[in-house]
Amino acid sequence: MRRVVAGGVSVALACVLAGCGLIQKDEQSGAVKPGPAPVAKPAPTTVTTSKGVIKLPPPETPRNWADARQQAARRLVAANPDTTYIGKPPDILLAIPVLSIELNADGSIRHIAVMRYPSQARETVDMAMASVRRAAPFGDVSRLPKPWKFNETFLFNDEKKFKPMTLDQR
């Protein structure tokens, strides 16, 4: 009787573990092997500004590159409240640097390249790059088509505050 109960418990435990993905059966050999490790949600990002410490929520996993760019633009504004503005950009801008941001699969920054240097206020390029680093990570992009790269145009006003141009494109 004990063997029957123990065997039944073993079968039930194997079914439960297989159902939740902790173990998997190899279809070719029939061998049982551990399943993939559960994906951990990224921890919230904290950013220190003159207004105190800001806790950014973990980024969502974007469904497509348009979502990824929108989320990145929102995170840029949220992570840089001292150096951003919302609303209509002025007719005449101080500088318009354009960055190409290449990501790793987990949304962390792999490389930032400058696609356009402004003719004046060249320090805005460094300000834009620093703001991108503060806003990272940008969400798991591993399911999006490669290359895991997007461009962002920074619209700087006379106060050296920027707005990501993506926020004006919907």
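I take a contact to mean heavy atoms within 4.5 Å. The model I am reading is predicted.

**Entry: layout.** I looked up the elements and found three helices and eight strands. From the N terminus on, I read their order as α-β-β-β-β-α-β-β-α-β-β.

**Entry: whole chain.** The protein has 170 residues, and 34% of them are buried. I took the contacts with a separation of 6 or more, and 62% of these join residues 24 or more positions apart. The accessible surface is about 10700 Å². Carbon and sulfur atoms hold 57% of that surface.

**Entry: core.** I looked up the largest nonpolar core, which has 27 residues. Trp65, Leu99, Leu103, Val132, Phe138 and Phe154 touch the most other members. Helix 2 (65–79), strand 5 (98–103), helix 3 (123–135) and strand 7 (149–156) each give two or more residues to this core. In soluble globular proteins, nonpolar side chains tend to be buried together.

**Entry: Val132.** What does Val132 touch, not counting residues up to four places away in sequence? I listed Leu76, Leu99, Ile101, Ile109, Ile112, Phe138 and Phe154.

**Entry: helix 3.** I checked the length. Helix 3 has 13 residues, so at 1.5 Å a residue it should span 18 Å. Its end C-alpha atoms are 19 Å apart, which agrees. Next I looked up its buried residues: Thr124, Val125, Ala128, Met129, Ser131, Val132 and Ala135. These cover an arc of only 160° around the axis, so they lie on the same side of helix 3. On the face turned away from that buried side, I found the exposed residues Asp126 and Arg133.

Definitions and conventions: Residues are numbered from 1 along each chain as its sequence is written. This is a predicted model: local features need pLDDT of at least 70, side-chain atom pairs count only at pLDDT 80 or more; totals for chains, interfaces and linings use all residues. Side-chain values use heavy atoms; hydrogens and water are left out. Helices (H or I, at least four residues) and strands (E, at least two) are DSSP runs, numbered from the N terminus. Buried means under 20% relative accessible area, exposed over 50%, partly exposed in between (1.4 Å probe, protein chains only). Accessible areas come from the Shrake-Rupley method with a 1.4 Å probe; for residues, only the protein chains shown count as cover. A nonpolar core is a set of buried Ala, Val, Leu, Ile, Met, Phe, Trp, Tyr and Cys residues joined through side-chain atoms within 4.5 Å. The expected span of a helix is 1.5 Å times one less than its number of residues. The arc is that of the directions from the helix axis to the C-beta atoms.
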